[in-house]
Amino acid sequence: MTPNVRELRPKPPETEKITINLGYVDLGHIDLMVQDGFYSNRTDFIRTAIRNQLERHADVVKQSTARKSLELGLRNYSREDLESARRAGEMLHINVLGLASIAQDVTADLARATIASVSVLGALHASPAVKAALADRTR
């Protein structure tokens, strides 16, 4: 007998894929570091370089985060959250550094009625209809 398993909330991805352009010499240097065993692959080198730069500038990032009133990490906005805001007559200002996720069952009309502005440094996951409805409110 096969158990009937249902996923209650889809797990958001923990990474976002990006594309970068590098000069051939820089790429060659990276390949040399990988070949000599300093890094397991190009991605490992690039992730390490990014983390080192973020650590190097951590104080500036903390100050900027506080000044801009950004929520850090993963922030989910459910249909219930938005309906509650609508009942209270409130408009939400989404300011996230990380991942902001608007539930897939949120309609474009509900999003427009309850979200005044969207500013995400990182990634915004929402249905195409919600993204389109909030396009003029997104920075």
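Mentor: Start with the largest pocket, whose volume is about 760 Å³. Keep in mind that the model is predicted.

Trainee: Which residues lie nearest the centre of the largest pocket?

Mentor: Thr-15, Glu-16, Lys-17, Ile-18 and Arg-47. The lining counts 20 residues. A residue counts as lining if it has an atom within 4 Å of a pocket point.

Trainee: What makes H2 stand out in that lining?

Mentor: Its share. Helix H2 (42-56), E2 and E3 each supply at least two lining residues. H2 gives seven, the largest share.

Trainee: How do you know that E1 and E2 pair?

Mentor: Pairing needs at least two bridges. Strand E1 (residues 71-77) and E2 have seven, in the parallel sense. So they pair.

Trainee: How many bridges join E2 and E3?

Mentor: There are 10 bridges, again parallel. At least two are needed, so E2 and E3 count as paired. Gly-98 has Gly-122 as its bridge partner in E3. Leu-99 has Ala-123. With H5, the strands E2 and E3 make a right-handed β-α-β unit.

Trainee: Which residues touch the most other members of the largest nonpolar core?

Mentor: Ile-94, Ile-102, Val-106, Ile-115, Val-118, Val-130 and Leu-134, in a core of 16 residues. Strand E2 (92-102), helix H5 (108-114) and strand E3 (115-125) each give two or more residues to this core.

Trainee: What does Ile-102 touch?

Mentor: Leaving out residues up to four places away in sequence, its contacts include Tyr-77, Leu-82, Ile-94, Ile-115 and Leu-124. His-125, Ala-126, Val-130 and Leu-134 are touched by Ile-102 too.

Trainee: Why is Ser-119 called buried?

Mentor: Its relative accessibility is 14%. Buried means under 20%. So Ser-119 counts as buried. Ser-119 is in strand E3. Beyond residues up to four places away in sequence, Ser-119 touches Ile-94, Asn-95, Val-96 and Arg-139.

Trainee: Gly-122 lies in strand E3 as well. Why is Gly-122 called exposed?

Mentor: Exposed means over 50%. Gly-122 has 66% relative accessibility, so it counts as exposed.

Trainee: How far apart are Gly-122 and Leu-74 in sequence and in space?

Mentor: They are 48 residues apart in sequence. In space, their C-alpha atoms are 10.0 Å apart.

Trainee: Where is Ser-69 found, and why is Ser-69 called exposed?

Mentor: Ser-69 is in the loop between helix H3 (58-67) and E1. The cut-off for exposed is over 50%. At 55% relative accessibility, Ser-69 passes, so it counts as exposed.

Trainee: What is the phi of Ser-69?

Mentor: Phi of Ser-69 is near 55°. That value is positive, in a residue other than glycine. Most residues other than glycine have a negative phi.

Conventions:
Residues numbered from 1 in each chain as written. Predicted model: local features only at pLDDT ≥ 70, side-chain atom pairs only at ≥ 80, totals over all residues. Heavy atoms only, no water. Core = buried A, V, L, I, M, F, W, Y, C linked by side-chain atoms within 4.5 Å. Buried < 20%, exposed > 50% of the residue type's maximum accessible area, 1.4 Å probe, protein only. Helix = DSSP H or I, 4+ residues; strand = E, 2+ residues; numbered from the N terminus. Contact = heavy atoms within 4.5 Å. Right-handed = clockwise from strand over helix to strand, strands pointing away. 1 Å grid on protein atoms, 1.4 Å probe; cavity = no way out; pocket = protein on both sides within 12 Å on 5 of 7 lines; lining within 4 Å. Points joined across faces, edges and corners; volume = space filled by probe spheres on them.
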